[in-house]
Amino acid sequence: MYVLAIIRYRQPLEAVLRHTDAHRAYLQGLKARGVLVCSGPLDPRSGGAALFRIAEGEDLWARLDALRDGDPYVQAGVAQYELLPWQVATGREDLDRV
């Protein structure tokens, strides 16, 4: 299962930037474990987006809650997540190879 995450800033960019290094380190850890496919800031810089891969058989919403709640942005109250489970149809085999 793939999940799109739209991350919206809840505070001015200056406040968000104080937590960006920790946020990126968190995402790098998820990438190393194969959970994060890709991520990056939106343009203009009002938030970001991420694509997660969730293993079959996991409790989807418990896993997504844990991913969201583990993000330093969320812990600091500077961003919120919108999590959108995605049934990829076209191109799934390409994503699965990433």
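Colleague: Which residues lie nearest the centre of the largest pocket, and how many residues line it?

Modeller: This is a predicted model, in which local features need pLDDT of at least 70 and side-chain atom pairs count only at pLDDT 80 or more, while totals for chains, interfaces and linings use all residues. Residues are numbered from 1 along each chain as its sequence is written, and side-chain values use heavy atoms, without hydrogens and water. A pocket is an open set of points on a 1 Å grid over the protein atoms alone, where a 1.4 Å probe fits, with protein on both sides within 12 Å along at least five of seven lines; lining residues have an atom within 4 Å of a point. Here 18 residues line the largest pocket, and His 23, Arg 24, Leu 27, Ser 39 and Gly 40 lie nearest its centre.

Colleague: Which element supplies the largest share of the lining of the largest pocket?

Modeller: Helices are DSSP runs of H or I with at least four residues, and strands are runs of E with at least two, numbered from the N terminus. Helix α2 contributes the largest share, 6 residues.

Colleague: Which residues of α2 are buried, and which are exposed?

Modeller: Buried means under 20% relative accessible area and exposed over 50% (1.4 Å probe, protein chains only). In α2, Thr 20, His 23, Tyr 26, Leu 27 and Leu 30 are buried. Viewed down the axis of α2, these buried residues fall within an arc of 125° (taken from the directions from the axis to the C-beta atoms), so they line one face of the helix. Asp 21, Ala 25, Gln 28 and Ala 32 are exposed on the other side.

Colleague: What follows α2?

Modeller: Gly 34 follows α2, with a positive phi near 80°.
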